[in-house]
Amino acid sequence: MSRFAALDAVATVVVAGRGGVALDTATAGVTLLAPWALLLALAVVAAAVWQWRRRPRLPFAGLHLLADAVDPALDLSPLPPLPTTWRARWSALPAVLDAVAALALVAALARPVEHVPAPPAPPGRDLLLCLDVSSSMAANDLDPQRTRHAVGLALAERFVRARTGDRIGVVAFARYADLVCPPTRDHEALLAALRSLQLVPKEGPEDATAIGAAVGKAAASLAAAEAAGKVVVVVTDGEENVSNKLLPNEIAPLHAAQACAAAGIRVHAVVVGRGNQKPDGRFQALDTTAVQQLAGATGGRSWRCEDEAALAEVYARIDALEADAPAATGVVVRERFAVALAVAAIAGALARLLRSAGLRRLP
């Protein structure tokens, strides 16, 4: 693999890690990012051969000269070779270890990397349910026997039980938004938190509808999530009545939508009920323009539900819209030069240690 092809492979891996692009796992294996560095191995081998050939030698007279001086008829050919010490036998070892250390450094410079198939990302999405708990949710127009709140909780529980692979959390909101349960796969704990939700007192200080604050709270909770999809489902029966010209510091629904869009969070908005119920029992229609803009700006959908069946159908549509896509497989690039550096350090240290112990060639 050329240097530029290797760098291109690394760039592809980075893109796959960020965008979920599937990579061919056939590319798995060990490759070099700087194969040209292996040319230095030729220089190391040449230097080792040159040093070996020019090693110092001390000439000694042969025994046959001594035999000729004493008795020309003396035959010394059967004599065994002169004994050698272990230092003499292993005297070349430090030089060999130096060569090994140099070759290992060359291998490290070539930057070996291993392409390992990455495990697929865990399935599912990070999803937050933003549920309205203002006092108007006590109306019973969705079901004559139950309040909007009770119907909404029952259908939300059914929705959660169907989304087994998701991390799901809950934000409850009226005048203020509270993260009741952060996104979790412990759905039993989540359902316990759902069942504990209570409506705020009617006409109390918290009896209002802050849709923008609720979505902003959800966006802050999901911004750092790494799931394949990040989704917010807002269920409300009212209009935004907190963010206005008199309270410029409050988060408007459209501003919350911009934050969600920037973080890749999709918002689905569901307006339940026939509208605001008057003291005489009549219902006043709602202006859902802000809610529709909130969902549209993030790539989500918005619905109106005036009975339990319609709300159940909407939850089913959201479940279908947010179905899990097959997890993309990728390749993880792991640097392996540390092994070569360790070999070089060990070989160099052994060579130095053996020389200090007396295993060296003397001129």
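Select strand 4 (167–173) and strand 5 (residues 177–184). They pair in the antiparallel sense over 5 bridges. Strands here are DSSP E runs of at least two residues, helices are H or I runs of at least four, and both are numbered from the N terminus. Two strands pair if DSSP finds at least two bridges between them. Strand 4 and strand 5 form a hairpin, with 3 residues between them. Pick V170: its bridge partner in strand 5 is C181.

A note on the model before moving on. It is predicted: local features need pLDDT of at least 70, side-chain atom pairs count only at pLDDT 80 or more, and totals for chains, interfaces and linings use all residues. Residues are numbered from 1 along each chain as its sequence is written, and side-chain values use heavy atoms, with hydrogens and water left out.

Now widen the selection to the open sheet of 6 strands, in the order 5-4-3-6-7-10. Its pairing is mixed. Strand 5 and strand 10 stand at the edges, each with a single partner strand, so one side of each has no neighbour in the sheet. The twist averages 15° from one strand to the next, with axes taken as lines fitted to C-alpha atoms (for helices, over the stretch in contact) and angles running from 0 to 180 degrees between N-to-C directions. Go to strand 3 and strand 6, which run parallel and are joined by 6 bridges. L131 has V235 in strand 6 as its bridge partner.

**The cores**

Stay on L131. Which residues does L131 contact, leaving aside neighbours within four places in sequence? The list is L153, V170, V171, A172, F173, L194, L197, V235 and Y315. Contact means heavy atoms within 4.5 Å.

L131 is among the residues with the most contacts inside the largest nonpolar core, as are L129, L194, V270 and L311. This core has 34 residues. Such a core is a set of buried Ala, Val, Leu, Ile, Met, Phe, Trp, Tyr and Cys residues joined through side-chain atoms within 4.5 Å. Buried means under 20% relative accessible area, exposed over 50%, and partly exposed in between (1.4 Å probe, protein chains only). Helix 6 (148–162) is one of the elements that supply at least two residues of this core. The largest share, 6 residues, comes from helix 6. Apart from this core lies another, of 28 residues, including A213, V267, V271 and L294.

**H268**

Select H268 in strand 7. Buried or exposed, at 2% relative accessibility? H268 counts as buried. Residues it touches, beyond four places away in sequence, include V232, R301, W303 and E322.

**A helix pair**

Show helix 2 (residues 39–53) and helix 5 (residues 93–109), which pack at about 170° with axes 9 Å apart. That makes them roughly antiparallel, a label for angles over 145 degrees. L40, A41, V44 and A48 in helix 2 meet A99, A102, L103, V106 and L109 in helix 5. This contact has 9 nonpolar, no polar and no charged residues.

**Two loop residues**

Most residues other than glycine have a negative phi. R111, in the loop between helix 5 and strand 2, has phi near 55°. R111 is partly exposed at 33% relative accessibility. Finish at E203, in the loop between helix 7 and helix 8. Its phi is near 60°, and at 70% relative accessibility E203 is exposed.

Note on methods:
Parallel < 35°, antiparallel > 145°, perpendicular 65-115°, else oblique. Nonpolar A, V, L, I, M, F, W, Y, C, P; charged D, E, K, R; others polar.
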